[in-house]
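Student: Can you walk me through this model? Keep it quick.

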Amino acid sequence: MLRGIDLEFGERGITAVIGPSGTGKSTLIRCINRLVEPTSGEVIFENQDIARLSRSALRLARRRIGMVFQEYNLVERLTVMENLLCGRLGYVSPLQAWLRRYPARDIERAFELLDTVGLAAHAQARADSLSGGQRQRVGIARAMMQEPKLLLADEPTSSLDPKTSVEIMGLMKSLADAHGFPVIVNIHNVELARRFADRVVGMTGGQVVFDGAPAALTDEHLKAIYGGEDWLA
Amino acid sequence: MPSGQTRGVRLAFPVNWWARAGWVLFGLYVLYAASQLELTPARFATGLEHGGRFLARLFPPDFHRWQLLLKGMVESLQIAVLASAIGVLIATPLALLAARNLMPAWASWPARAVMVLCRSFHPVIVAILFVKAVGFGALAGILALIIASVGFLGKLLTEAIEEISLKQVEAVRATGAPFLSVVSYAVVPQVFSRFIGFASYETDANLRNSTMVGIVGAGGIGGTLFAAFQRFDYDFVCAIVLTIIALIMAGEVLTMRVKKVFRA
């Protein structure tokens, strides 16, 4: 349940959305590409209100919005390469996709991305044979295959160990900087948010209670966001 | 200690009196049904005696009319293969329509209704209907077994599709993939190995049923078997039965191979 959310995102930079579990961070991010249908309000992306798009127009909009998930959401029985090419499904016909007839350019891009995320040797491995960190790299590469104008990340590090979490956040930041798209990331780890984000949005009870630079985020704000104070000690 | 359990004994395994009463009632009913149907040791003994004489007449099997036997078996095999192939072709899209996690209710309920209808009657009864409708012969048998295949494969496949992980579906959907691509990339990979298992199981069942629909005139070895029974040609009956067993076993080996090929 979201109420009175009015946020604007620039063309660059990482925005971290923090807040307690069940406060609507996931809903917020899923309303942007309408994996969750907003009951009212507007979601403006590239001068279009996504909330009112028809099915086919929504598909075209989704092609430009990459998404990274907490549990990676790779298709486990497909190979890493096939998972990457999922990012192009919006551009090729179902028949082409079924026959695995992708444009040579897409295949090339997939191999380049695998090099970037350091998984070139695993191209033909089945996705469920990878470790958590590797899977999330595939998840990011899949989103990158879409050549996104916006990247949504729904708790991309919550299933990963601290070191891998930092690597994954670093990977997203460097890709966002190199290709010039904004990232909206839900995150539970306040330290990671401070370290990688250019802007922090704090939510509680479906409302925004903090919106500003990470440096401006004080313990007082955190108390307002998460409630209580024992955990801050 | 939580309130309500303050009166002393805490049971780790509380007695379920309803379940106990249920078991007792079930046991009593089994005894009652047995007495009603005269399922007594004496009746069983006379049955055994009769069976012994029948067994003696079955042997040795008589393969003299092997041409008749072969013709019937080949027809049965063809009925089974055709019914399975067409059944799979119809059941697959139907199951996709019936899966409630992918389709709205207005699509899934009619698809489910069709499947329930297909499963309502035993294949032999459906075969009788088709013999009346399209006449004696293999066509009636094929149609009857297609109906059976659609009913069972459809149900099994629907359930398999309803158990898939929607996270994978969500991720593929989020890339802007059209519906058919979502199906082929996020649904099919998750159900494919089970699907191969179901299809080979159904082929196995069709093989068995195709030897039976002939009894009602719907083609295949069943007709020959029934005629042999009526003429008391028990040695030929034995030959037919042994051949059917061999065919089913061969089918079992074949489906095992198929599953291995698909790593199912």
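Student: How many residues does the contact take from chain A and from chain B?

Tutor: It takes 22 residues from chain A and 17 residues from chain B. Two residues are in contact if their C-beta atoms, placed from the backbone, lie within 7 Å. One caveat: this is a predicted model, where local features need pLDDT of at least 70, side-chain atom pairs count only at pLDDT 80 or more, and totals for chains, interfaces and linings use all residues. Residues are numbered from 1 along each chain as its sequence is written, while chains are lettered from A and ligands numbered from 1 in the order in which they are written.

Student: Which elements give two or more residues to the chain A side?

Tutor: Helix 2 (55–63) and helix 4 (94–98) of chain A. Helix 2 of chain A gives the largest share, four residues. Helices (H or I, at least four residues) and strands (E, at least two) are DSSP runs, numbered from the N terminus.

Student: How do the residues on that side divide, nonpolar, polar and charged?

Tutor: The chain A side has eleven nonpolar, five polar and six charged residues. Ala, Val, Leu, Ile, Met, Phe, Trp, Tyr, Cys and Pro count as nonpolar, Asp, Glu, Lys and Arg as charged, and the others, Gly among them, as polar.

Student: Now the folds. How many helices and strands in chain A?

Tutor: Nine helices and eight strands. The radius of gyration of chain A is 18 Å, close to the 17 Å from the globule rule for 233 residues, so chain A is as compact as a globular protein of that length. That radius is taken over C-alpha atoms, and the rule is 2.2 Å times the number of residues to the power 0.38. Of the 233 residues of chain A, 42% count as buried. Buried needs 20 or more other C-beta atoms within 10 Å of the residue's own, all placed from the backbone.

Student: And chain B, how many helices and strands there?

Tutor: Ten helices and zero strands. Chain B has a radius of gyration of 25 Å, well over the 18 Å that the globule rule gives for 264 residues, so it is more spread out than a compact globule. Its C-alpha trace spans about 75 × 60 × 35 Å along the principal axes. Buried residues make up 36% of the 264 in chain B.

Student: What does the buried part of helix 9 of chain B pack against?

Tutor: Helix 3 (66–98) and helix 10 (234–261) of chain B. The buried residues of helix 9 (residues 221–230) include Ile221(B), Thr224(B), Leu225(B) and Ala228(B).

Student: At what angle do helix 9 and helix 10 of chain B pack?

Tutor: About 150 degrees, with their axes 9 Å apart. Axes are lines fitted to C-alpha atoms over the stretch in contact, and angles run from 0 to 180 degrees between N-to-C directions. That makes helix 9 of chain B roughly antiparallel to helix 10 of chain B, a class for angles over 145 degrees.

Student: Who meets whom there?

Tutor: Ile221(B), Thr224(B), Leu225(B), Ala228(B) and Phe229(B) of helix 9 meet Phe236(B), Val237(B), Ile240(B) and Ile244(B) of helix 10. By class, the contact has eight nonpolar, one polar and no charged residues.

Student: What comes after helix 9 of chain B?

Tutor: Phe232(B) follows helix 9 of chain B, and its phi is positive, near 55 degrees.

Note on methods: Buried ≥ 20, exposed ≤ 12 C-beta atoms within 10 Å, placed from the backbone. Parallel < 35°, antiparallel > 145°, perpendicular 65-115°, else oblique.
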